[in-house]
Amino acid sequence: MDIKNVKGTHDIILEEAKAYDKIEMTMKSFAEAFCFSEFRTPVIEPSELFQRSVGESSDVVRKEMYTFLDKGDRLLALRPEFTAGIVRSFVNNKLYATRDLPLKAYYSGPVFRYERPQQGRYRQFHQFGVESLGVENVLNDVESLFLGYVILTALGLENVTLKINTLGDASSREAYRNALKGYFESHIKDMCDDCKVRYEVNPLRILDCKVPSDHEIVLGAPKMSDYLSNEAKAKFNKVLIALDEMNIPYEIDDTLVRGLDYYSELVFEYHYTSKKGVNYGAIGAGGHYDNLVEELDGPKMAGVGFSFGIERVYSVLKDDGLLDDIVNDIDIYVMPLSEKAKNQAFYLTSGLRTSGYKTEINLVDSKMANMFKKADRHGAKLGIIIGDDEIANGTVIVKDLAKKEQEEVAIDDLLDKVDAFFGEGQDECCCGDGECHCHDHEGE
Ligand code: AMP
């Protein structure tokens with residue numbers, strides 16, 4: 001039997017899983033610093049949730065959703081994105097009435113889209129993102145956008161291109177929609193079948209078309225910026241002023257419309273080209289939504305959010321060599337030299353582990369050379385060697401694997417020895433200059 005993973009899915013294992021963990025931890029810690037709180041919503045939701053929010057005209061709902069009937073004949077979907085589930089939870093739990101607004105949520109987990117698998121495009125992939133719900137304020141939008149930028153910078157990405165645009169308010173969008181309908185009317189017969197549907201349901205979606213022959217036609221289409229109401233222009237300007245004030249570089253891209261129907265006003269994407277020149281396109285994207293909360297049976301309230309694709313973020317970090325320090329870095333490698341020593345070594349290892357040291361024991365090899373090779377491969381800092389002589393003496397050999405210095409230590413003193421070894425450097429603080437504010441000495 002040769003069962004393979006499902007097409008478009010991938011195993012995230014070993015060092016790669018470590019890297020994902022590091023990426024997600026960085027994202028979470030900044031979201032927490034910005035006072036967002038974690039939301040864990042279900043992977044399965046009623047299919048209708050996404051039809052009503054992400055929209056019937058979006059590729060995600062029309063072609064890419066994993067839907068199925070459960071045993072009770074309910075039409076369910078594997079979530080293709082998080083925003084709709086977060087807003088559903090906000091409404092179901094009446095958080096708009098019981099919590100301070102904006103309600104600021106972050107999330108992390110797998111999402112599912114039946115797309116054509118290719119480089120950087122999966123059917124099961126992972127997103128981390130935030131939603132800030134319940135307050136209409138330009139600075140609220142900027143807060144989310146800034147958080148995304150800060151996260152990417154903290155991960156080490158230096159040349160993130162922030163592309164932004166405005167889709168305008170309802171009246172701007174209506175005027176623009178009519179202009180697009182007028183423009184595409186004479187072209188639509190020559191365009192792809194998807195565009196024909198988009199023309200009827202939401203002509204804005206045509207601007208997102210990736211078919212090369214349609215692209216020429218799209219280039220000649222009217223521009224959103226010519227149809228913005230004065231209010232929408234003023235709002236967008238406020239965002240630009242805030243970004244200038246905060247020294248965040250951006251590019252205005254008036255072809256940016258985003259693939260999900262719920263966006264209005266501000267939309268943005270974080271693009272990245274690696275140092276080797278590989279263009280990864282959007283590694284994250286988001287925007288403002290005026291009506292989504294109301295469309296999902298909540299009060300009329302605005303929201304804003306963004307979402308990173310973890311696979312894409314991982315790829316750019318890897319490409320730029322920013323994950324090189326993620327290795328198997330264990331603290332201690334325990335090497336018993338005989339069958340008899342294995343038991344003793346095992347108990348000792350258990351003690352070190354419960355004291356919080358990342359400790360591995362070699363119960364497989366008998367040759368010292370092999371054991372040292374493996375200790376090295378694991379990045380161990382300290383080796384502990386136990387042979388029959390040491391058992392007889394009630395001691396172990398403790399070896400600093402970097403300095404290659406070793407000494408015999410009584411078993412009863414081992415933990416103190418290990419504490420001292422790993423404590424080195426950690427206790428250093430800025431004491432001595434009379435200005436110390438470190439954790440231990442503040443207020444002394
Ligand atoms: P979206 O929810 O479509 O706005 O996508 C947000 C982010 O998720 C994008 O910027 C990508 O980084 C990532 N993403 C979207 N679709 C895929 C996919 N099929 N495979 C991997 N990452 C994806």
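**Ligand shell, nonpolar cores and local backbone features**

The largest share of the shell around the ligand comes from β10, which contributes four residues. In this predicted model, the strands β6 (124-133), β10 (279-289) and β11 (303-309) each supply at least two residues of that shell. Altogether 15 residues surround the ligand, and the closest are R113, E115, Y122, Q127 and R258. When the shell is divided by class, five nonpolar, five polar and five charged residues are found.

Of the 490 Å² of accessible area that the ligand has on its own, the protein covers 92%.

Strand β6, one of the strands that supply the shell, also contains H126. With a relative accessibility of 14%, H126 counts as buried, because it falls under the 20% limit for that class. The side chain of H126 makes a polar contact, at 2.8 Å, with the side chain of E311. When neighbours within four places in sequence are left aside, the residues in contact with H126 are I12, Y20, G109, P110, F308, G309, I310 and E311.

In soluble globular proteins, nonpolar side chains tend to be buried together. The largest nonpolar core of the model holds 52 residues, of which F50, V87, F90, F184, M191, I206 and L207 touch the most other members. Helix α4 (residues 83-92) gives the most to this core, with five residues. Apart from this core lies another, of 44 residues, which includes I23, V150, A242 and F268. The surroundings of L207, one of the residues that touch the most other members of the largest core, consist of Y176, L180, F184, V218, A221 and V257, when residues up to four places away in sequence are not counted.

Several features of the backbone and of the loops may be described individually. Most residues other than glycine have a negative phi, and most peptide bonds are trans. A cis peptide bond, with omega at about 0°, joins L101 and P102, and P102 is located in the loop between α5 (95-98) and β5 (103-112). Positive phi values in residues other than glycine occur at L14, where phi is near 50°, and at N247, where phi is near 55°. L14 belongs to helix α1 (residues 14-33), whereas N247 is placed in the loop between α10 (230-245) and β8 (251-252). Because exposed means over 50% relative accessible area, L14, at 63%, is assigned to the exposed class, and N247, at 66%, likewise counts as exposed.

In the loop between β3 (67-69) and β4 (75-78) lies D70, whose side chain takes part in two polar interactions. The side chain of D70 reaches the backbone nitrogen of G72 at 2.8 Å, and it makes a polar contact with the side chain of R74, also at 2.8 Å.

The C-alpha atoms of G156 and L323, which are 167 residues apart along the chain, are separated by 9.7 Å.

Definitions and conventions
Residues numbered from 1 in each chain as written. Predicted model: local features only at pLDDT ≥ 70, side-chain atom pairs only at ≥ 80, totals over all residues. Heavy atoms only, no water. Near = heavy atom within 4 Å. Areas by Shrake-Rupley, 256 points an atom, 1.4 Å probe, with all protein chains shown as cover. Nonpolar A, V, L, I, M, F, W, Y, C, P; charged D, E, K, R; others polar. Core = buried A, V, L, I, M, F, W, Y, C linked by side-chain atoms within 4.5 Å. Buried < 20%, exposed > 50% of the residue type's maximum accessible area, 1.4 Å probe, protein only. Contact = heavy atoms within 4.5 Å. Polar contact = N/O pair within 3.5 Å; in protein donor to acceptor, adjacent residues only side chain to side chain.
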